[in-house]
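Please view the sequence and the model alongside the text.

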Amino acid sequence: MTGSNDTVTIAPQVSGEERLQTESRARGVARILVSERRIQDEIAAMAAELDAEYGDDQPLMVGVLTGAVAFMADLMKAMTIPLQIDFMAISSYGAATKSSGVVRILKDLNEEIEGRRLIVVEDIVDSGLTLQYLLEMLKARQPKDIRVVALLKKDKPDAFDVQVDRVGFHIPDEFVIGYGLDYAGQYRNLPYVAVLDPSVYTS
Ligand code: PRP
């Protein structure tokens, strides 16, 4: 029973967005660059375009491990056409924040790709080195055609001029994490793309 002498404590109004920002900062996030909602909306649009482009051609989606896992999983589930998936693992970074310029294959495809229609799925095009290397190698195996879909592309004037057919978001040249992207193996499970707080890698 509520009497006139009762003290009613009203909790401070904290919005979901504010709570998210607070929690994220505590985890080393400087700021959220692309929200979960914007990512999912963009993926829905991309999926519709790919459905229309490929129809019954049964494309092979080639995901570039490890970073593309989140994007690839959401993109393929948003598509409604018959398709197959495969993965390659290529490393260019190590644990540093800048590309070392070194590319090596850690895992090759399981599928034969001659005559197939490929959709290469990348989480981010940074220097373009990984993609340039990958496309050269894939083209040598004579697929019917290759389309490159990247969730993120950094605005970087000195990047390799590499084929990217569809970009979700053009982003500034900052160290980004989340939605598949890591720093030293961490942060891949964030549902959004964020800028890493520089204190994380300078301390
Ligand atoms: C990242 C990202 C891209 C590549 C882009 O992969 O996933 O594949 O770098 O950089 P680039 O355009 O400068 O080549 P990374 O080598 O860090 O491996 P990961 O996906 O396992 O994190």
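Helices (H or I, at least four residues) and strands (E, at least two) are DSSP runs, numbered from the N terminus. By that naming, T66 sits in the loop between β2 and α3.

## Overall fold

This is a predicted model. The chain holds five helices and nine strands. Read from the N terminus, the order of elements is α-β-α-β-α-β-β-β-α-β-β-β-β-α.

The chain has 203 residues, and buried residues make up 43% of them. Among contacts with a separation of 6 or more, 66% come from residues 24 or more positions apart. The chain exposes about 11000 Å². Carbon and sulfur atoms supply 48% of that area.

## The ligand shell

How many residues surround the ligand? There are 18, and the closest are E122, D123, S127, G128 and T130. By class, the shell divides into six nonpolar, seven polar and five charged residues.

A polar side-chain atom of T130 lies 2.5 Å from an oxygen atom of the ligand. For E122, an N or O atom in the side chain is 2.8 Å from a ligand oxygen. D126 uses its backbone: an N or O atom there lies 2.9 Å from an oxygen atom of the ligand. On its own, the ligand has 500 Å² of accessible area, and the protein covers 92% of it. Elements that give two or more residues to the shell are β3 (84–91), β5 (117–125) and α4 (129–139). Of the elements, β5 gives the most, with four residues.

D126 belongs to the loop between β5 and α4. Is D126 buried or exposed? D126 counts as buried because its relative accessibility is 10%, and the cut-off for buried is under 20%.

The side chain of D126 makes polar contacts with two lysine side chains. The distance to K156 is 2.4 Å. The distance to K154 is 3.3 Å. The backbone of D126, as noted, has an N or O atom 2.9 Å from a ligand oxygen.

G55 follows α2 and has a positive phi, near 50°.

In α4, the buried residues are L129, T130, L131, L134, L135, M137 and L138. What covers them includes β2 (60–65), β3, β4 (104–107), β5 and β6.

## V148 in strand β6

V148 is part of strand β6. V148 is buried, because its relative accessible area is 0% and buried means under 20%.

Which residues does V148 touch, leaving out those up to four places away in sequence? They are V120, L131, L135, Q163, V164, D165 and R166. V148 and I119 are 29 residues apart in sequence, yet 5.8 Å apart in space, C-alpha to C-alpha.

## Backbone exceptions

Most residues other than glycine have a negative phi, and most peptide bonds are trans. Several sites here depart from that pattern. A cis peptide bond joins L65 and T66, with omega about -5°.

Q58 has a positive phi, near 50°, and is not a glycine. Q58 lies in the loop between α2 and β2. Q58 counts as partly exposed because its relative accessible area is 40%. Y187 has a positive phi too, near 80°, in a residue other than glycine. Y187 is in the loop between β8 (176–177) and β9. Y187 counts as buried because its relative accessibility is 13%.

Methods
Residues numbered from 1 in each chain as written. Predicted model: local features only at pLDDT ≥ 70, side-chain atom pairs only at ≥ 80, totals over all residues. Heavy atoms only, no water. Near = heavy atom within 4 Å. Polar contact = N/O pair within 3.5 Å; in protein donor to acceptor, adjacent residues only side chain to side chain. Areas by Shrake-Rupley, 256 points an atom, 1.4 Å probe, with all protein chains shown as cover. Nonpolar A, V, L, I, M, F, W, Y, C, P; charged D, E, K, R; others polar. Buried < 20%, exposed > 50% of the residue type's maximum accessible area, 1.4 Å probe, protein only. Contact = heavy atoms within 4.5 Å.
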